[in-house]
Amino acid sequence: METLKLLTLTGLIATAPVLALANVGLGDKLGTSEADIRAALEAQGYQIEEIEFEGGKIEVELIKDGVETELVLSDTDGVVTAIELEEDDD
């Protein structure tokens, strides 16, 4: 039993850095308040540019590793319903 606990703990420790680097994806639940959304995304390394609540949805503009992205979340449950990568106009 102790061996199983040790193996489980070792596995979690080994995969933690990979999970920390994961990007946000469709279906992820980020929250419905600005504070919850900001905390969830900043924990993943995103820089939040703007959060807007309008028309039954939440729009979040953010940057990570120089890539600008816009997320659309449901305002009822905070689930990501759309992800749009912003293109450079250069």
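Mentor: Let us start with burial: a residue is buried under 20% relative accessible area, exposed over 50% and partly exposed in between, with a 1.4 Å probe and protein chains only. This is a predicted model, in which local features need pLDDT of at least 70 and side-chain atom pairs count only at pLDDT 80 or more, while totals for chains, interfaces and linings use all residues. Residues are numbered from 1 along each chain as its sequence is written, and side-chain values use heavy atoms, with hydrogens and water left out.

Trainee: Why does Ser 74 count as buried?

Mentor: Ser 74 has 16% relative accessibility, so the residue counts as buried under the 20% limit. Ser 74 lies in strand 3, a strand being a DSSP run of E with at least two residues, and a helix a run of H or I with at least four, both numbered from the N terminus.

Trainee: What makes the pair of Ser 74 and Asp 77 side chains a polar contact?

Mentor: The term requires a pair of N or O atoms within 3.5 Å; within protein, one must be able to donate a hydrogen and the other to accept it, and residues adjacent in sequence count only if both atoms are side-chain atoms. The side chains of Ser 74 and Asp 77 are in such a contact at 3.1 Å. Contact in general means heavy atoms within 4.5 Å. Leaving aside neighbours within four places in sequence, Ser 74 has contacts with Thr 32, Ile 58, Val 79 and Thr 81.

Trainee: Is Val 80 buried or exposed, and how do you know?

Mentor: Val 80 has a relative accessible area of 3% and is therefore buried. Val 80 belongs to strand 4 and, not counting residues up to four places away in sequence, touches residues including Val 24, Leu 30, Leu 71 and Leu 73.

Trainee: Why is Asp 65 called exposed?

Mentor: Asp 65 has a relative accessible area of 73%, so the term exposed applies. Asp 65 sits in the loop between strand 2 and strand 3, and its phi is positive, near 55 degrees, in a residue other than glycine. Most residues other than glycine have a negative phi.

Trainee: How do you know that strand 1 and strand 2 pair?

Mentor: Pairing requires that DSSP finds at least two bridges between two strands. Strand 1 and strand 2 (residues 57-64) are joined by 7 bridges and run antiparallel, so they meet the definition. Within this pair, Glu 50 stands opposite Glu 61 of strand 2. The open sheet has 4 strands in the order 1-2-3-4, with antiparallel pairing.

Trainee: What makes strand 1 and strand 4 edge strands?

Mentor: Strand 1 (47-54) and strand 4 (80-85) each pair on one side only.

Trainee: What makes a group of residues a nonpolar core, and how many residues has the largest?

Mentor: A nonpolar core is a set of buried Ala, Val, Leu, Ile, Met, Phe, Trp, Tyr and Cys residues joined through side-chain atoms within 4.5 Å. The largest has 13 residues, and those with the most contacts inside it are Leu 41, Val 60, Leu 71 and Leu 73. Helix 2, strand 1, strand 2 and strand 3 each supply at least two residues of this core.

Trainee: Where does the predictor's confidence stay under 50?

Mentor: The score is pLDDT, the predictor's confidence in each residue, from 0 to 100. Over residues 4-21 pLDDT stays under 50, whereas the protein chain averages 82.
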